[in-house]
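This briefing is meant for a reader who is meeting the structure for the first time. Please look through the sequence and the model below before going on to the points that follow.

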2 protein chains.
Amino acid sequence: LLQKDYKKANGNDMMAMKIKDIGGEFKLIDRLSDLVHTQNASVVVGIGDDAAVLETAPEATTYLLATTDMLVENQHFTSRWSGPEHVGIKAVESNASDIAAMGGTPSWMLVSLALPETTDVEWVEVLYKGMATACRRHGIILAGGDTTRSNTLVISVTLLGSVPKAHLCLRRDACPGDLIMVTGTLGASAAALTMLESGHAPSDYLLTKHRAPACRLDISDRIAPLANAMIDISDGLASDLGHICKQSRVGANIHSGTIPLHPDVRQAGSLVGKDPLVFALGGGEDYELLFTITPANRDKLIKLGIDGYVIGEITVDPSFISLVDHDGHRRPLSGGFDHFR
Amino acid sequence: LLQKDYKKANGNDMMAMKIKDIGGEFKLIDRLSDLVHTQNASVVVGIGDDAAVLETAPEATTYLLATTDMLVENQHFTSRWSGPEHVGIKAVESNASDIAAMGGTPSWMLVSLALPETTDVEWVEVLYKGMATACRRHGIILAGGDTTRSNTLVISVTLLGSVPKAHLCLRRDACPGDLIMVTGTLGASAAALTMLESGHAPSDYLLTKHRAPACRLDISDRIAPLANAMIDISDGLASDLGHICKQSRVGANIHSGTIPLHPDVRQAGSLVGKDPLVFALGGGEDYELLFTITPANRDKLIKLGIDGYVIGEITVDPSFISLVDHDGHRRPLSGGFDHFR
């Protein structure tokens, strides 16, 4: 009766649209954002960056940062290849990476678990030991959460932190002429996953990068005061650079030969018959930082002992991103990961 | 191979314990809290109250509040009886109720959705319209979130807010001699659910209380400066009063005749052949506030135009909670809801 009322009231006889019909996850977020208030004076940056930037008090010297990620079993991780300790580490590191990408420091974590009734207590305890490992690394305190029952195992992590107002790094602040840099080699997580899925045994290096990555909070606080735009690489270089370019209304040239690849990623490419660049461009979950910086500030960064990799430069053409090959050929950069496409 | 390694390393051949074997949800939370750092100087109150209380800066005049709730389809709501708009309202109100119970005001919300691939876009949009309704009511801004795919529909809401330091209300501050009060009638949500499950049609009043309740942010800011301990009634009066008594190391007498019941709840009891008190004591999700207050401050509350219901008093006997019947008989108060028992 009640369900029917709802359907009638909402004209549900028309053809039902699925999420992929409207263009996937990011389009859905756009549509939903239009329905709810997403802006007021206290929201410095809301939906659309790695973390929300919130003003707790005008006289405060820092902004509050808040980010959240949901991990679903067999979607974000599988017990075939990851033990609960790895899942716990990755759950914390992926959120901490979002705080790092804003130039901030994480402080407090809330964790909600939806667990099947048949879940072993030990599995959950080892999951928490993994979270504890990553929390200890970054000085994060578990401050709350929720536990409930579900058919599917879901872990939702919210991480709160802060950033000195002057050090805030957004996606929208890239400038033409900026160098494009990454903090480390790319594609290891995707290479490991491809190997596992095709029956190959990945190296320890690749396996760790996939199962229990570490975010770059070790250097993000020194990069943030000098960088213009910053994002963490969670969806793949192509997709994440796309976010910076779109929000900054700029373009980019990426020189394919300069994209740093670990020898094990190259070897994985040979083994599975794929160009290893595909892992770097389209594979997510590297949790390195991608940032743009003026050449002058890049020199300062080197003086701070932080090297990183220059992979291209920001251009004036809005949203036009080229991958420039060794021989000078250009092609549009594409790739990235969408949960609903 | 890898999974086997994990099992071997963790001695998983021993009998696997399930969550219900260790005593359910609250025991699990206790065990998990021991594994991770949950305290430092910035955490005023961590796990174990309605929201985490966090110190963003010592010179700030307010504390940051953070709470999170996870809603799972067919566990917390069912499409048989609730449309997406109701689910959206309830998702926000249940979290806002936690902020109200601390004496605070909500400001920012993060929403993560795990959606089956077959979810109608319209369902999600109407869910967001419901959230927007409740957000508008309380001045809450949607500041971020995450969207992903899952077999089970899961909604995770994190709500951030603030409370003037002097107005903070914790579960642990009840004092012997305090009056025990509730802000409204109890049991309507549970009565509605029981009727629906047994094929009866609940009244509009009961149905709204079940599907789209409203939290008590309308009066919580006037109660908080005067109350000693406060909690919102989400698990049922018995369970939630139990939390106050346990954390305050006090006991309580509740006078059954004074527990406020709406006429429709009494009628629901007759229809389904249940003592309507059972709905109030054991049924959750009323989202009224339960607080303790000195008799002198209760008089001040009345002068502010807030009446409420006195249902008992705090006693010195730690954790001994009695339900005193009309004829003076006492029995231990029990009830409440645990997802894993």
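This is a predicted model: local features need pLDDT of at least 70, side-chain atom pairs count only at pLDDT 80 or more; totals for chains, interfaces and linings use all residues.

How many bridges join strand 3 of chain B to strand 6 of chain B, and do these strands run parallel or antiparallel? Eleven bridges join strand 3, residues 62-72, to strand 6, residues 154-164, and the two strands of chain B run antiparallel.

- Strand 7 (residues 179-182) of chain B pairs with strand 11 (residues 309-315) of chain B in the antiparallel sense, over four bridges.
- Strand 11 of chain B is also joined by four bridges to strand 9 (residues 251-255) of chain B, and these two strands run antiparallel.
- G312(B) in strand 11 of chain B takes part in both pairings, being the bridge partner of I180(B) and standing opposite I254(B).

**The sheet of chain A**

- In chain A, six strands likewise form an open sheet in the order 1-2-3-6-4-5, and the pairing is mixed.
- Its edge strands are strand 1 (43-45) and strand 5 (141-149) of chain A, each of which pairs on one side only.
- Strand 4 (residues 105-115) and strand 6 (residues 154-164) of chain A run antiparallel and are joined by nine bridges, and S112(A) has S156(A) in strand 6 of chain A as its bridge partner.
- Helix 4 (residues 121-138) of chain A lies across strand 4, strand 5 and strand 6 of chain A, and it runs at about 170 degrees to strand 4 of chain A.

**The interface of chain B and chain A**

- The contact between the chains involves 87 residues of chain B and 87 residues of chain A.
- Together the two chains bury about 7400 Å² between them, of which 65% is on carbon and sulfur atoms.
- Between chain B and chain A, 21 residue pairs are counted in polar contact, with both residues at pLDDT 80 or more.
- On the side of chain B that touches chain A, helix 4 (residues 121-138) of chain B gives the most, with eleven residues, and the residues of that side divide into 42 nonpolar, 30 polar and 15 charged.

**Salt bridges**

- Side chains of opposite charge can pair when their charged atoms come close.
- Over all chains the structure holds 28 salt bridges, and four are found across the interface of chain B and chain A.
- R31(A) forms a salt bridge with E125(B), with the closest N and O atoms 2.7 Å apart.
- D120(B) forms a salt bridge with K18(A), and here the closest N and O atoms are 2.5 Å apart.
- Because D120(B) lies in the loop between strand 4 and helix 4 of chain B, and K18(A) in the loop between helix 1 (2-9) and helix 2 of chain A, this pair joins two chains.

**The surroundings of N228(B)**

- N228(B) is placed in the loop between helix 7 (217-223) and strand 8 (230-232) of chain B.
- Leaving aside residues up to four places away in sequence, N228(B) touches several residues, including C169(B), L170(B), D173(B), T292(B) and T294(B).
- D178(B) is also touched by N228(B), and a polar contact of 2.9 Å joins the side chains of these two residues.
- From N228(B) to L160(B) the separation is 68 residues in sequence and 23 Å in space, C-alpha to C-alpha.

Notes
Residues are numbered from 1 along each chain as its sequence is written. Chains are lettered from A and ligands numbered from 1 in the order in which they are written. Side-chain values use heavy atoms; hydrogens and water are left out. Two strands pair if DSSP finds at least two bridges between them. Contact means heavy atoms within 4.5 Å. Axes are lines fitted to C-alpha atoms, for helices over the stretch in contact, and angles run from 0 to 180 degrees between N-to-C directions. Buried area is the accessible area (1.4 Å probe) that two parts lose on being put together, summed over both. A salt bridge is a side-chain nitrogen of Lys or Arg within 4 Å of a carboxyl oxygen of Asp or Glu. A polar contact is a pair of N or O atoms within 3.5 Å; within protein, one must be able to donate a hydrogen and the other to accept it, and residues adjacent in sequence count only if both atoms are side-chain atoms. Ala, Val, Leu, Ile, Met, Phe, Trp, Tyr, Cys and Pro count as nonpolar, Asp, Glu, Lys and Arg as charged, and the others, Gly among them, as polar.
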